[in-house]
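User: Got a new model open here. Can you walk me through the pockets and the packing?
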Amino acid sequence: MEQKQEKYTREAIALLKRLIKTPSFSREEGAVADMMAGYLKEQGLDVKRQSNNVWCWAQEKDPQKPTILLNSHLDTVKPSDKWSYDPFGAYQEGDKLIGLGSNDAGGPLVALMATFLCLKDEALPYNLVFAATAEEEVSGADGVALVLPHLGSIDLGIVGEPTQMQMAVAEKGLMVLDCVAHGRTGHAARDEGVNAIYKAMEAISWFRTYQFENVSPHLGAVKMTVTQVTAGSQHNVVPDVCRFVVDVRLNECYRNKELHAIIEQHVDCDVTPRSYRLNSSFIPFEHSLVQRGRALGLSHYGSPTTSDQALMDFTTLKIGCGDSARSHTPDEYIYLSEIEEGIATYIKLLADLDL
C-alpha cells in the first residue's frame, strides 16, 4: 500500500497542475472532464461520463454490500482582477502550489481520486465509486444531480471540500425566498390606498426577529436575512406592490419544505421559494466514520458553506485538504504536503470501514 500511495500521490499532484492550467468555469468543464476521464482510463478503469461528469467503480458493484461514494468537483469560479499571479499558471513555490481551483476543490478532488486508486484492488467490505462532477459552484442541475441516479443506492458519501482535513459533520442548507407584499395604489397627498411597503416592513421585521425553536449543536440557529427590496413607481404614488428577497440558511433540524410552511403561517405576503433543492446535511455523531475520525484525532464542526452535499439524500461527510478561507480568493493556493497528508488520512478513514 505504501508504494501505491506514493505513486498515486505523485501522479495526483501532476494531474492537479494540469487541471489548474485548464480553465474549468462552471458549465465549461469539458476539457478537464476529458483530462480526468483520460487519466482514469489509463489506470484500466471503466469510466462513465454524462455531460461534464466522470465516474467509475473500483470493482463490479456487489448488491450485497453497502456503497461509498467519493465525490468532489471539477469546476471553479472565475478569477477576480486582483490576482498577482496568472490564475492558470500552476506556480509552485516550495511546498505551495498557486492557481485557480488549487484549493477549491482541486486538492480534495485529486486526493480522493488517489485514495480511490489506492483502494480499488483491495478486498473491501463495501462498493466504492469515485465521481468528479461539474457545476458545484453554481449548484447546477447538470452536476452531481445528473450522476446520482446512475449510481443506485448510496450508503455513505465523502464530499471533498477544503476543511483542513477536519470533519464537517453538518452543513447549512440554503433556501432563497421571493416575497411580495400587496397593497392598494393611491395618491400620496391624500389619506388613501394601502402602502405595500408598510406591509412588507411588518413581514421584514418578522424575518429579522423570529427565532425557530430547534437550534443545532453544530450549526446554531436558522438564519434569515432580507437582502433585496424593490417598490414604487414615483414619489407621489402609494405603491401597491413591494417585492423583497430573503436568504435562509437552515440547520439540520429542518428541511426546506418544512421551514417554508412555517414561514407562510407567520407573514402576510406571498412567499415563493426559488428551489427546495439545497437542504442541510449531517452525519450522526455515532456513525462509524465519525468515530474512526475521532480515533485518528480529527476534530469536527458544522460548516456554514454550501456544497454538493445539499443535493445528496444519503448520509455524507464533508472533509478535504486545504482551507476554506482560501477559496474564491486572489492567489488561491494549496500546500502539496496537505494533499499528501489528505490522501493518507482518507485511506486510514476508509480502510476496512464497517458500515
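User: Which residues lie nearest the centre of the largest pocket?
Analyst: Asp104, Glu161, Thr305, Thr306 and Ser324. They belong to a lining of 19 residues. Keep in mind that this is a predicted model.

User: How much space lies in that largest pocket?
Analyst: About 350 Å³.

User: And its lining by class, how many nonpolar, polar and charged?
Analyst: Three nonpolar, 10 polar and six charged residues.

User: What about the second largest pocket, how much space there?
Analyst: About 230 Å³. Its lining has 17 residues. Nearest the centre lie Arg255, Ser280, Ser281, Met312 and Asp313.

User: How does that lining divide by class?
Analyst: Seven residues are nonpolar, six polar and four charged.

User: What lines it?
Analyst: There are 18 lining residues. Leu19, Ser24, Leu74, Thr76 and Gly101 are the ones nearest the centre of the cavity. Two elements each give two or more residues to the lining: helix 1 (2-20) and helix 3. The largest share, four residues, is from helix 3.

User: What classes are in the cavity lining?
Analyst: It has 10 nonpolar residues, six polar and two charged.

User: Now the packing. How many residues are in the largest nonpolar core?
Analyst: It has 60 residues. Met36, Leu40, Phe130 and Ile339 have the most contacts inside it. Helix 3 turns up here as well: residues 102-119 form that helix, and it supplies the largest share of the core, 10 residues.

User: Which residue is its bridge partner?
Analyst: Cys56 is paired with Phe130 of strand 6. Strand 2 (residues 53-57) and strand 6 are antiparallel, with four bridges between them.

User: Which way does strand 3 run against strand 6, parallel or antiparallel?
Analyst: Parallel. Strand 3 (residues 67-73) is joined to strand 6 by seven bridges.

User: How many residues of strand 6 are buried?
Analyst: Seven of seven, over residues 127-133. Both faces are covered. Asn127, Val129, Ala131 and Thr133 are buried on one side. Leu128, Phe130 and Ala132 are buried on the other.

User: What does Thr115 touch?
Analyst: Ile343, Tyr346, Ile347 and Leu350, again not counting residues up to four places away in sequence.

Key. Residues are numbered from 1 along each chain as its sequence is written. This is a predicted model: local features need pLDDT of at least 70, side-chain atom pairs count only at pLDDT 80 or more; totals for chains, interfaces and linings use all residues. Side-chain values use heavy atoms; hydrogens and water are left out. A nonpolar core is a set of buried Ala, Val, Leu, Ile, Met, Phe, Trp, Tyr and Cys residues joined through side-chain atoms within 4.5 Å. Buried means under 20% relative accessible area, exposed over 50%, partly exposed in between (1.4 Å probe, protein chains only). Contact means heavy atoms within 4.5 Å. On a 1 Å grid over the protein atoms alone, a cavity is a set of points where a 1.4 Å probe fits but cannot get out, and a pocket is an open set with protein on both sides within 12 Å along at least five of seven lines; lining residues have an atom within 4 Å of a point. Grid points are joined across faces, edges and corners, and a volume is the space filled by probe spheres set on the points. Ala, Val, Leu, Ile, Met, Phe, Trp, Tyr, Cys and Pro count as nonpolar, Asp, Glu, Lys and Arg as charged, and the others, Gly among them, as polar. Two strands pair if DSSP finds at least two bridges between them.
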